[in-house]
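Let's take a walk through this protein together, beginning at a single residue and widening the view from there. Please keep the viewer open as you read.

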Amino acid sequence: MSRKKTITDEKLLELIQEFFKEICNGDPKRLKMAAIADYVSQSGYPGYRVETLRRNKAAREYID
């Protein structure tokens, strides 16, 4: 049995896009998984871990 998602893929992708615009200023070299996970955690999803982000197929594809 799989665990219940703490955040939907759509909301996660929105937060990644916000991170890219606001924190990275559109620079793809500054996209780091750990920093994105911290941003998600600070944006209302406490305890969101980088491992969870790495396992999310939609997020990985979007970041690539």
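Apart from its neighbours within four places in sequence, N56 is in contact with D9 and L12, where contact means heavy atoms within 4.5 Å. You will find N56 in the loop between helix 3 and helix 4. N56 is buried, its relative accessible area being 12%; buried stands for under 20% relative accessible area, exposed for over 50%, and partly exposed for what lies in between, with a 1.4 Å probe and protein chains only.

A word on what you are looking at: this is a predicted model, in which local features need pLDDT of at least 70 and side-chain atom pairs count only at pLDDT 80 or more, while totals for chains, interfaces and linings use all residues. Residues are numbered from 1 along each chain as its sequence is written, and side-chain values use heavy atoms, with hydrogens and water left out.

Leaving out neighbours within four places in sequence, A58 is in contact with D9 and L13. With a relative accessible area of 26%, A58 is partly exposed.

Now let's step back to the fold. The protein has four helices and zero strands, and from the N terminus on its elements run α-α-α-α. Its radius of gyration is 11 Å, close to the 11 Å that the globule rule gives for 64 residues, so the protein is as compact as a globular protein of that length. That radius is taken over C-alpha atoms, and the globule rule is 2.2 Å times the number of residues to the power 0.38. Helices here are DSSP runs of H or I with at least four residues, strands are runs of E with at least two, and both are numbered from the N terminus. Along the principal axes, the C-alpha trace spans about 40 × 25 × 20 Å. Among contacts with a separation of 6 or more, 48% are accounted for by residues 24 or more positions apart.

What holds the inside of the picture? In soluble globular proteins, nonpolar side chains tend to be buried together. Here the largest nonpolar core has 15 residues, and I7, L12, I16, I36, V40, Y48 and L53 touch the most other members. Such a core is a set of buried Ala, Val, Leu, Ile, Met, Phe, Trp, Tyr and Cys residues joined through side-chain atoms within 4.5 Å. Helix 1, helix 2, helix 3 (50-55) and helix 4 (57-63) each supply at least two residues of this core.

I7 lies in the segment before helix 1 and counts as buried at 6% relative accessibility. Not counting residues up to four places away in sequence, I7 touches L12, L15, V40, Y45 and Y48. I7 and Y45 are 38 residues apart in sequence, yet their C-alpha atoms are 7.5 Å apart in space. The other is I36, in contact with I16, F19, L31, L53 and I63 once its neighbours within four places in sequence are set aside.

Finally, let's visit the loops. N25 is in the loop between helix 1 (9-22) and helix 2 (33-42), and is exposed, with a relative accessible area of 59%. Most residues other than glycine have a negative phi. Phi of N25, however, is near 55°, a positive value in a residue other than glycine.
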